[in-house]
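Here is a short briefing to keep beside the structure while you look around.

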Amino acid sequence: MNKTQLDTSMPSPDEFVQKLAEVEKLLKEMRGRNFSSQHDIAESEKEEAKKLLERVEKQLEKPLQDINDLVEHLSDKLLKYNMELMDLRDALNEAVNKTGQANEKNNINEHLLAENMQKVEELEDRYKQVKEVLKMASDSLAQVSDLLQMFDVAKEVSGTAMTLITSPELIGMIQLRLIRGTRDQ
C-alpha cells in the first residue's frame with residue numbers, strides 16, 4: 001500500500017475525535033428516547049405470534065398424527081409384503097429345485113425310453129424271426145401232413161392190394177399160371 005491509500009483509509013486524529021463525539025451524541029439521543037411503545041407493540045406481536053403458533057400446532061397436530069399413523073400402517077404393510085416376498089422367494093426356490101429334479105427324471109426317463117424302444121425293436125425282430133420259424137414249421141407240418149395222407153393212401157392201396165393178393169381166387173390163378181408156365185418150359 002502506498003501512503004495516499006493509507007491516509008484515506010485512516011482518519012486523522014482530529015477527524016477521529018470529531019467522529020467519536022458524533023457517536024456519543026447519537027448514543028445520548030437514543031438513550032433519551034422512549035422505546036416503551038415499540039416494546040409494548042413487540043410484546044403484543046410476540047403474544048399474537050405465540051397464539052398463532054399454538055393454533056398452527058393444533059391444526060397440524062391431527063394431520064401429523066394421521067401421517068404418523070399412516071407411516072406406521074405403511075410400515076406394517078411393507079413388513080407384511082416383505083414377508084410375502086420372502087415366502088414367494090422360498091416358493092420360487094422350491095419350484096426351481098423341483099424343476100431341476102423333474103429335468104433329471106425326464107433325462108432318466110428319456111434314457112429308459114430309448115432303451116425300451118431299442119428292446120421293442122429287438123423284440124419285433126425276434127417276433128419276425130419266430131413268425132418265420134412258425135411259418136416254416138407250419139409249411140413242414142403241411143408237408144408231413146401231405147406225406148401222412150399219401151402214406152394213408154398208400155396204406156389203403158397196399159391193404160387193398162394185399163387183400164387182392166391174398167384172396168384165394170387170385171392165389172389159385174397165380175398158382176395155375178405158375179404150373180402151366182413150368183410145364184410149357
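Is lysine 62 buried or exposed, and what is its relative accessibility? Lysine 62 counts as exposed, because its relative accessibility is 56% and the cut-off for exposed is over 50%. Please keep in mind that this is a predicted model.

**Overall layout**

- The protein has four helices and zero strands, and its elements run α-α-α-α from the N terminus on.
- Of the 185 residues of the protein, 0% count as buried.

**Helix α2**

- Helix α2 covers residues 13–32, which is 20 residues.
- From its first C-alpha to its last, helix α2 reaches 29 Å, close to the 28 Å expected at 1.5 Å a residue.
- The number of buried residues in α2 is zero out of 20, so this helix lies largely in the open.

- How many salt bridges does the count give? The count comes to three, and each pair is described below.
- Side chains of opposite charge can pair when their charged atoms come close.
- Lysine 62 and aspartate 66 form a salt bridge, with 3.4 Å between the closest N and O atoms.
- Both lysine 62 and aspartate 66 belong to helix α3 (residues 36–165), where they sit four residues apart, about one turn of the helix.
- Lysine 98 pairs with glutamate 94 in a salt bridge whose closest N and O atoms are 3.3 Å apart.
- Lysine 98 and glutamate 94 are separated by about one helical turn because they are four residues apart in helix α3.
- Lysine 98 is partly exposed at 48% relative accessibility, and glutamate 94 is partly exposed too, with a relative accessible area of 45%.
- Aspartate 139 forms a salt bridge with lysine 135, and the closest N and O atoms of this pair are 3.5 Å apart.
- Aspartate 139 and lysine 135 also lie in helix α3, four residues apart, about one turn of the helix.
- Aspartate 139 counts as partly exposed at 38% relative accessibility, whereas lysine 135 counts as exposed at 52%.

**Negative surface patch**

- Which residues form the negative surface patch? The patch is formed by Asp40, Glu43, Glu45, Glu47 and Glu48.
- One of these residues, glutamate 47, lies in helix α3.
- Why does glutamate 47 count as partly exposed? Its relative accessibility is 39%, and partly exposed is the class between under 20% for buried and over 50% for exposed.

**Nonpolar surface patch**

- Leu52, Val56 and Leu60 make a nonpolar surface patch of about 240 Å².
- Within this patch, valine 56 lies in helix α3.
- Valine 56 is partly exposed because its relative accessible area is 32%.

**To take away**

- For a quick tour, you could begin with lysine 62 and aspartate 66 in helix α3, then go on to lysine 98 and glutamate 94, and then to aspartate 139 and lysine 135.
- After that, have a look at the negative patch that includes Glu47 and the nonpolar patch that includes Val56.

Notes
Residues numbered from 1 in each chain as written. Predicted model: local features only at pLDDT ≥ 70, side-chain atom pairs only at ≥ 80, totals over all residues. Heavy atoms only, no water. Salt bridge = Lys/Arg side-chain N within 4 Å of Asp/Glu carboxyl O. Helix = DSSP H or I, 4+ residues; strand = E, 2+ residues; numbered from the N terminus. Buried < 20%, exposed > 50% of the residue type's maximum accessible area, 1.4 Å probe, protein only. Patch = residues over 30% accessible without salt bridge, like charges linked within 9 Å, V, L, I, M, F, W, Y side chains within 5 Å. Areas by Shrake-Rupley, 256 points an atom, 1.4 Å probe, with all protein chains shown as cover. Lys, Arg positive; Asp, Glu negative; His and termini not counted. Charge placed at Lys NZ, Arg CZ, Asp CG, Glu CD. Expected span 1.5 Å × (residues − 1).
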